[in-house]
Each structure stands twice: as C-alpha cells, then as structure tokens.
Amino acid sequence: MPFVPTIAVVDDDQAIREAMDDLMKNFGYNSCLFSSAEEFLDFEPRSEIDCMLVDVKMPGLTGTELLAELNRQGDRPPMIFVTSYDDERTRKAALSGGAFAFLRKPVDVGALIACLEAVFDGRPSV
C-alpha cells in the first residue's frame, strides 16, 4: 500500500480548515484539522502527522509560538505557514525557527502543492 501523507491543518477559521481539508483530499493527502495550537499539542499520536499547515494569528498560542514549542519538545514535522498576517519580522521568525515555507493567504494552490511535494521528496524549502 502506498504511503499517503497526513497533513495537520492548524487554523482558527473553520472555513479555512474545511477548504484546506478538501484541497488536501483532492491532491491525495490525508488531513487532520485543529482549531488551535493547543488542540494540536494535545493530539496523540503526533507521530502520525507528516507535515503541518499553520496559521500565524490564532487565539491562545500563535503559529510561531507553536513552532517554538514543538522545537523545544524536539519532535516536529515540517511546518508550512499559510497566513494573511505577513510582516517581515514574523516571516523571518518563522523561517529562522525552522519553518519549511511561509505562504500568504489567499494561498496560491500551485505554490502550496509545490511545497508539499518538496517536503515529501526531501527537497529543500521553496
């Protein structure tokens, strides 16, 4: 049976989560949806997650705070930020913290799929 990656979508906007879920399924990925960083942190087993699509601005922990916490814990899947909150300081913080990519909403589907393919092909971030 072929490997089917599971993508975690962490976004407080339900419509975005549902749209990303549909998109992931259309491109042959599995997805798990989380309405907050805290909900993701409570999820077990996190080892089932192969990549994450994460918003920056969310109630509670922000996406960059989630990245920092997962880095602290030492076991983090590749993380792609997909956000409408795109300032240079946040972008630099995410990328220097180890994010694979930082994409702006509304997301360019081609760019997102290219990022996911790069993650699973072991290519460097795009």
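**Close-up views of a predicted model**

**View 1. Helix H3 packs across the sheet.** Helix H3, formed by residues 63-73, lies across E1, E3 and E4 and runs at about 170 degrees to E4. The structure shown here is a predicted model. On its way from E3 to E4 the chain passes through H3, and this β-α-β crossover is right-handed. Helix H1 (residues 14-26) lies across E1, E2, strand E3 (51-54) and strand E4 (79-83), and its direction is at about 170 degrees to E2.

**View 2. Five strands form an open sheet.** The strands follow the order E2-E1-E3-E4-E5 and pair in parallel. Strand E2 (30-34) and strand E5 (101-104) are the edge strands, each pairing on one side only. From one strand to the next, the twist averages 20 degrees. Strand E1 (residues 6-10) is joined to E2 by five bridges in the parallel sense, and Val-9 stands opposite Leu-33 in E2.

**View 3. Strand E4 is enclosed by the rest of the structure.** Because five of the five residues of E4 are buried, this strand is largely enclosed by the rest of the structure. The side chains of Met-79, Phe-81 and Thr-83 point one way from E4, whereas Ile-80 and Val-82 point the other way, and all are buried. E3 and E4 run parallel and are joined by three bridges; here Met-52 stands opposite Met-79 in E4. E4 also pairs with E5 in the parallel sense, over four bridges, and Val-82 stands opposite Leu-103 in E5.

View 4. Side chains of opposite charge can pair when their charged atoms come close. A search of the whole structure finds four salt bridges. In one of them, the side chains of Asp-11 and Lys-105 meet at 2.7 Å, N to O. Asp-11 lies in the loop between E1 and H1, and Lys-105 in the loop between E5 and helix H5 (109-121), so this pair ties together parts that are 94 residues apart in sequence. Asp-11 is buried at 3% relative accessibility, and Lys-105 is buried at 16%. Lys-105 also forms a salt bridge with Asp-55, with the closest N and O atoms 3.6 Å apart. Asp-55 lies in the loop between E3 and H3, and the pair links parts of the chain 50 residues apart. Salt bridges with shared partners join Asp-11, Asp-55 and Lys-105 into one network.

View 5. Lys-25 and Asp-21 form a salt bridge in which the closest N and O atoms are 3.2 Å apart. Both residues belong to helix H1 and are four residues apart, about one turn of the helix. Asp-21 is buried, with 12% relative accessibility.

**View 6. The cysteines form no disulfides.** A disulfide is a covalent bond between the sulfur atoms of two cysteines. A search of the whole structure finds zero disulfides. For Cys-32, the closest cysteine sulfur is that of Cys-51, 12 Å away, which is too far for a bond. Cys-51 is in no disulfide either, its nearest cysteine sulfur being that of Cys-115 at 8.6 Å. Cys-32 is partly exposed, at 22% relative accessibility, whereas Cys-51 is buried, with a relative accessible area of 0%.

Definitions and conventions: Residues are numbered from 1 along each chain as its sequence is written. This is a predicted model: local features need pLDDT of at least 70, side-chain atom pairs count only at pLDDT 80 or more; totals for chains, interfaces and linings use all residues. Side-chain values use heavy atoms; hydrogens and water are left out. A disulfide is a pair of cysteine sulfur atoms within 2.5 Å. Buried means under 20% relative accessible area, exposed over 50%, partly exposed in between (1.4 Å probe, protein chains only). Two strands pair if DSSP finds at least two bridges between them. Helices (H or I, at least four residues) and strands (E, at least two) are DSSP runs, numbered from the N terminus. Axes are lines fitted to C-alpha atoms, for helices over the stretch in contact, and angles run from 0 to 180 degrees between N-to-C directions. Contact means heavy atoms within 4.5 Å. A crossover is right-handed if, with the strands pointing away from the viewer, the path from the first strand over the helix to the second runs clockwise.
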